[in-house]
Amino acid sequence: MTERTGEPRAATGRRTLLAGAAAVAAGTAVSLAGAGRARADTWETVIDSGSFADYASFEAAWNYLYPWGSDHNGSARMYGSPTDHNHISLASGVLTLRAARISWDEGTSTSDPHLPIRYHSGAVHAKHQVLVDDRFPNYEVKGEFQAPSAPGTWPAFWLTAVSGWPPESDILEFKGDNRNWFNTFRTASDVSSTIVPVSSPGSWHTYRAWITKVNSTDLDIHYYLDGTWRAVHRATGFVGRALWIICNLQMEGSSGGSGPSGDTYYRARNIYVGRSRAS
């Protein structure tokens, strides 16, 4: 983790937040006191673009698979380790996750809704956990991605609770078409979703969340696509809840259809995570 005093990235993020809110979301309140505090805080970079430079850098900042193992809520089982890069690979600063269809019966996923396993794919999660509280009142999480959007593909870049569920914040989520779902789960039935069409999801696009503490229990999560503010969701009860950062290529499930017969690729680069530390 690197540390900087002064305001360059914190102030830039705050200025972007203020400008976006003013231009696109009239009526969103941002306290002047909070903005002043952000300028006085120390900004820390906890993950930078160098984490995909090589496997040593990657393994210092990231873990293979989901935090809970190889299975989740789709039909893909995740593989990857320091000695197995068939589904998780690095080249020229780009992380590639590959989902490959299998032709044998491997049973069902160990996670609800226990779909039949039809793919081997890749997932990674950061060693660092996002935790917004009085010590760290602002976070920035962003990256550039080439996301598959064919029917049956379900890539994501998301935050989810370390203990229990929810909370959850989906910064990138495609469900078998060209629309990105910015989601904030407060409970299983209390969800804010902003669905944004994306021109050519398989080209490089930047997805960003600016997360800021607004009171003793709640956050605001501002979502951006290619530098343009798209939504703010009130994240009730998120203060003090540690969150995993996950990048994965799941298949079928919520994508709403059968997946492709061949290989599917999901690529990421320049992932950045930073936070303000209260003075």
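Colleague: Where is the place of proline 166?

Modeller: Proline 166 sits in the loop between β10 (153-161) and β11 (168-173). This is a predicted model, where local features need pLDDT of at least 70, side-chain atom pairs count only at pLDDT 80 or more, and totals for chains, interfaces and linings use all residues. Residues are numbered from 1 along each chain as its sequence is written, and side-chain values use heavy atoms, leaving out hydrogens and water.

Colleague: What makes a run of residues a strand?

Modeller: DSSP decides. A strand is a run of E of at least two residues, a helix a run of H or I of at least four, and both are numbered from the N terminus.

Colleague: What kind of peptide bond joins tryptophan 165 and proline 166?

Modeller: A cis bond, with omega about -15 degrees. The bond between proline 166 and proline 167 is cis too, with omega about 15 degrees. Proline 167 is also in the loop between β10 and β11.

Colleague: Why is glycine 259 called buried?

Modeller: Buried means under 20% relative accessible area, exposed means over 50%, and partly exposed is in between, using a 1.4 Å probe and protein chains only. Glycine 259 has 14%, so it counts as buried. Its place is the loop between β17 (243-251) and β18 (264-277).

Colleague: Which residues does glycine 259 touch?

Modeller: Arg101, Tyr119, Pro151, Gly152 and Glu252, not counting residues up to four places away in sequence. A contact means heavy atoms within 4.5 Å. Tyrosine 119 is 140 residues from glycine 259 along the chain, yet their C-alpha atoms are separated by 9.0 Å.

Colleague: Why is leucine 65 called partly exposed?

Modeller: Its relative accessibility is 22%, so leucine 65 falls in the middle class. Leucine 65 lies in the loop between β3 (62-64) and β4 (76-78). Its phi is near 70 degrees, a positive value in a residue other than glycine.

Colleague: What makes aspartate 226 partly exposed?

Modeller: Its relative accessible area is 41%, so aspartate 226 is neither buried nor exposed. Aspartate 226 is in the loop between β15 and β16 (228-235). Its phi is positive, about 50 degrees, although aspartate 226 is not a glycine.

Colleague: How do you know that β9 and β14 pair?

Modeller: Pairing takes at least two bridges found by DSSP between two strands. Eight bridges join β9 (residues 138-146) to β14, so the two strands pair, and they run antiparallel.

Colleague: How many bridges join β14 to β15?

Modeller: Seven, and these strands also run antiparallel, so β14 and β15 (residues 219-225) pair as well. Isoleucine 211 stands opposite isoleucine 221 in β15. A hairpin of five residues links β14 to β15. In β14 (residues 205-213), eight of nine residues are buried.

Colleague: What makes a group of residues a nonpolar core?

Modeller: The members are buried Ala, Val, Leu, Ile, Met, Phe, Trp, Tyr and Cys residues, joined through side-chain atoms within 4.5 Å. The largest core has 57 residues, and Phe58, Trp62, Leu95, Phe145, Phe157 and Tyr266 have the most contacts inside it. β17 gives the most to this core, with seven residues. A second, separate core has five residues, including Trp210, Tyr224, Trp229 and Tyr272.

Colleague: What is phenylalanine 145 in contact with?

Modeller: Leaving aside neighbours within four places in sequence, its contacts include Phe157, Leu172, Trp204, Cys247 and Tyr266.
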